[in-house]
Amino acid sequence: MSATHEPAFDWSQAASLLGDDPNAVDQEMSAIVRELVEGAEVQFQELKLKNAETDRQAISALAHGLRGCLLNFGFTEVGGLLFHVEKGTYLAGEYLDRINEAQAVFVASQKVLAARYPSLGLT
């Protein structure tokens, strides 16, 4: 993601769960999305605490779960970044930069989702 464009997002996937009217998302679904966002932030923090030299299996499992949840709601660009974390296609010294990049794209994606679907109540 560059500063000049929005992160890639699968709007058809989001619409399949959130509906076609961005101003009338079901309250239960809105709550699920807010929980997803809060949980993702916690998981990013957990990933940051892992040691890329000794915790590769735990990192892979955590990245896999987070990636799956986010892809279910359309977060494709962050999903792609987490794929590389999950598969371990980085040097140990690059690990924290990879997590920080994925988290930054997640935050940007969340803002795009909040703008497109104001009834979600995301901030």
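**From a lysine to the helix partners**

Mentor: Start with Lys87, which counts as partly exposed because its relative accessibility is 49% (under 20% is buried, over 50% exposed, and partly exposed lies in between, with a 1.4 Å probe and protein chains only). Bear in mind that this is a predicted model, where local features need pLDDT of at least 70, side-chain atom pairs count only at pLDDT 80 or more, and totals for chains, interfaces and linings use all residues. Residues are numbered from 1 along each chain as its sequence is written, and side-chain values use heavy atoms, with hydrogens and water left out.

Lys87 forms a salt bridge with Glu86, and their closest N and O atoms are 3.8 Å apart (the rule wants a side-chain nitrogen of Lys or Arg within 4 Å of a carboxyl oxygen of Asp or Glu). Glu86 is a buried residue because its relative accessible area is 8%. The side chain of Glu86 also meets that of Arg67 in a salt bridge, at 2.8 Å from N to O. Arg67 is in helix α3 (residues 56–72) and Glu86 in helix α4 (residues 76–87), so this pair ties together parts 19 residues apart in sequence (helices are DSSP runs of H or I, at least four residues, numbered from the N terminus). Arg67 and Glu86 are both buried. Put together, Arg67, Glu86 and Lys87 are linked in a network of salt bridges.

The count of salt bridges comes to three, and one of them joins the side chains of Glu94 and Arg98, at 4.0 Å from N to O. Glu94 is partly exposed, with a relative accessible area of 32%, and Arg98 is partly exposed too, at 25%.

Now go on to helix α5 (residues 95–116), where you'll find Gln103. Gln103 is buried, at 10% relative accessible area, and its side chain makes a polar contact with the side chain of Glu41 at 2.8 Å. Leaving out residues up to four places away in sequence, Gln103 touches Glu41, Phe44, Gln45 and Lys48 (contact here means heavy atoms within 4.5 Å). With neighbours within four places set aside, Gln110 is in contact with Val37, Glu41, Phe75, Leu122 and Thr123.

Across from those glutamines, look at helix α2 (residues 27–49). α2 has 23 residues and reaches 34 Å from its first C-alpha to its last, close to the 33 Å expected at 1.5 Å a residue. Among its buried residues are Val33, Leu36, Val37, Ala40 and Phe44. The buried residues of α2 pack against α1 (11–18), α3, α4 and α5. At the start of α2, a side-chain oxygen of Asp26 comes to within 3.0 Å of the backbone nitrogen of Glu28.

Phe9 and Phe75 make an edge-to-face pair, 4.9 Å centre to centre with 65 degrees between the planes. Phe9 lies in the segment before α1 and Phe75 in the loop between α3 and α4, so the pair ties together parts that are 66 residues apart in sequence. Phe9 and Phe75 are buried.

Technical notes
Helices (H or I, at least four residues) and strands (E, at least two) are DSSP runs, numbered from the N terminus. A polar contact is a pair of N or O atoms within 3.5 Å; within protein, one must be able to donate a hydrogen and the other to accept it, and residues adjacent in sequence count only if both atoms are side-chain atoms. The expected span of a helix is 1.5 Å times one less than its number of residues. Rings of Phe, Tyr and Trp (its six-membered ring) pair if their centres lie within 6.5 Å; planes under 30 degrees apart count as stacked, over 60 as edge-to-face and the rest as tilted.
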